[in-house]
Amino acid sequence: MWSRCSAGSAVALCGGRGGHRLLSCAAAPAQRRAPGASASAKGIPRSALRASVTPEFVTAAPDEAVEESSVEREPAAENKLRKLACPICYYPLISSSDQSAPVSAASSSSLECSTCKKFYPNRGDYWDMTVAVGSTEYSESTTVTTEVFRTPLVSFLYERGWRQNFIWSGFPGLEREFEMAQTYLKPTTGGIIVDASCGSGLFSRLFVKSELYSLVVALDFSENMLKQCNEYVKQENISDKTLALVRADISRLPFVSGSIDAVHAAAAIHCWPSPACAVAEISRVLRPGGVFVASTFVADILPPAVPVLRIGRPYISQFTGSNIFLSEAEFKDLCRACGLIDFKFVRNGFYIMFSATKAS
């Protein structure tokens, strides 16, 4: 049976959709504009993100993000994309062929940070915005869970039975889950939504089809998940005008602080190596009043098991990288610690969906 709780008011359930994409970490210093920063931007179809680098991809200086106080103030997706930033120093990206000017209309295979000179390549299906991209000698080990989702087999199977099996844990099914998420996300309609750990993009595609957002960023660390997402987009003839695919780390999002309206993460938190670092980063990129909506597995359906799971979790996480079965109280406390308030949740069995709002 469904149970529901809210901070101050009950939650009415209606419709919604999800999205997936980017990387970043801390805010850049204010009062600085990198060379070539654009004061305005133009339309940015996903095809432009795949085949060429266009002027629209130039970001604004970090200090400009705080000027965003509402979705209505800057309704166009092309203007909001100016908030995209280097995940290392959070300053604008410029053309890789001309370091002194904004990205040109000519096609390019990579973007370059205007300050740290880091290159971010176009992989065809997505832009690679990971911190270690371009390194030749350095190799970073990842968790077992992360590596599993990077394999072609799991990426292929994810929407062909893998995700559907979650219903046995209490997940309500894709359509119902989408409706519930959209209820929480309603205040951010018209803005930019990041579908974090989007997998094969099952929610990202729904967000685009809803036409409720100026830009949907499908973000994942798995190259093969993003390729699979792109395949589904083609098969379903989904418009690419408001969709962008980006490979990034959930703990290093490539956005200016306070520039994103909503972040959605379906069945993902338990796969994040550090939920605390990820939620802190999500809080950083959300504008005041922005909304974070997530679903995952929860443990406190069996209260006596919670203490045992807390003891065993560190050992499980050490070997698998999976943070399974946190409790509702822990999610609420984590959000509060990261500056997210008005925690609300819906729970069924081992399933929980919760939302929290970035404090003003």
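Q: Which residue forms a salt bridge with arginine 205?
A: Side chains of opposite charge can pair when their charged atoms come close. A salt bridge here is a side-chain nitrogen of Lys or Arg within 4 Å of a carboxyl oxygen of Asp or Glu. Arginine 205 forms one with glutamate 159, and their closest N and O atoms are 2.9 Å apart. Arginine 205 lies in helix H6 (residues 202–210) and glutamate 159 in helix H4 (residues 152–162), so the pair ties together parts that are 46 residues apart in sequence. Helices (H or I, at least four residues) and strands (E, at least two) are DSSP runs, numbered from the N terminus.

Q: What kind of model is this, and how are residues numbered?
A: This is a predicted model: local features need pLDDT of at least 70, side-chain atom pairs count only at pLDDT 80 or more, and totals for chains, interfaces and linings use all residues. Residues are numbered from 1 along each chain as its sequence is written, and side-chain values use heavy atoms, with hydrogens and water left out.

Q: Are arginine 205 and glutamate 159 buried or exposed?
A: Buried means under 20% relative accessible area, exposed over 50%, and partly exposed in between (1.4 Å probe, protein chains only). Both arginine 205 and glutamate 159 are buried.

Q: Which residue pairs with glutamate 236 in a salt bridge?
A: Lysine 209 does, with the closest N and O atoms 2.9 Å apart. This pair links distant parts of the chain, 27 residues apart: glutamate 236 is in the loop between helix H7 (223–235) and strand S8 (243–247), and lysine 209 is in helix H6. Glutamate 236 is partly exposed, at 31% relative accessible area. Lysine 209 is partly exposed too, at 42%.

Q: How many salt bridges does the structure hold?
A: The structure holds 14. One of them joins arginine 123 and aspartate 128, with the closest N and O atoms 3.5 Å apart. Arginine 123 counts as partly exposed, at 43% relative accessibility. Aspartate 128 counts as buried, at 3%. Salt bridges that share partners join Arg123, Asp128, Glu147, Arg150, Glu223 and Arg247 into one network.

Q: Which side chain does histidine 270 touch in a polar contact?
A: A polar contact is a pair of N or O atoms within 3.5 Å; within protein, one must be able to donate a hydrogen and the other to accept it, and residues adjacent in sequence count only if both atoms are side-chain atoms. Here the side chains of histidine 270 and threonine 296 are joined by a contact of 2.9 Å. Histidine 270 sits in the loop between strand S9 (260–266) and helix H8 (275–285). Histidine 270 is buried, with 8% relative accessible area.

Q: In which sense do S9 and S10 run, parallel or antiparallel?
A: Two strands pair if DSSP finds at least two bridges between them. S9 and S10 run parallel, joined by six bridges. Alanine 265 stands opposite alanine 294 in S10. S10 also pairs with strand S12 (residues 351–358), in the antiparallel sense over seven bridges. There, phenylalanine 292 stands opposite alanine 356 in S12. Strand S10 (residues 286–297) is mostly covered, with 10 of its 12 residues buried.

Q: Which residues touch the most other members of the largest nonpolar core?
A: In soluble globular proteins, nonpolar side chains tend to be buried together. A nonpolar core is a set of buried Ala, Val, Leu, Ile, Met, Phe, Trp, Tyr and Cys residues joined through side-chain atoms within 4.5 Å. The largest has 48 residues, and Leu93, Ile260, Val263, Trp272, Ile282, Phe292 and Phe354 touch the most other members. H8 gives the most to this core, with four residues. A second, separate core of 38 residues includes Phe203, Val216, Cys229 and Ile238.

Q: How many aromatic pairs are there?
A: Rings of Phe, Tyr and Trp (its six-membered ring) pair if their centres lie within 6.5 Å; planes under 30 degrees apart count as stacked, over 60 as edge-to-face and the rest as tilted. The count comes to 10 aromatic pairs. Phenylalanine 171 and phenylalanine 297 form a tilted pair, 5.2 Å centre to centre with 55° between the planes. Both phenylalanine 171 and phenylalanine 297 are buried. Phenylalanine 343 and phenylalanine 354 form a stacked pair, 5.3 Å centre to centre with 25° between the planes.
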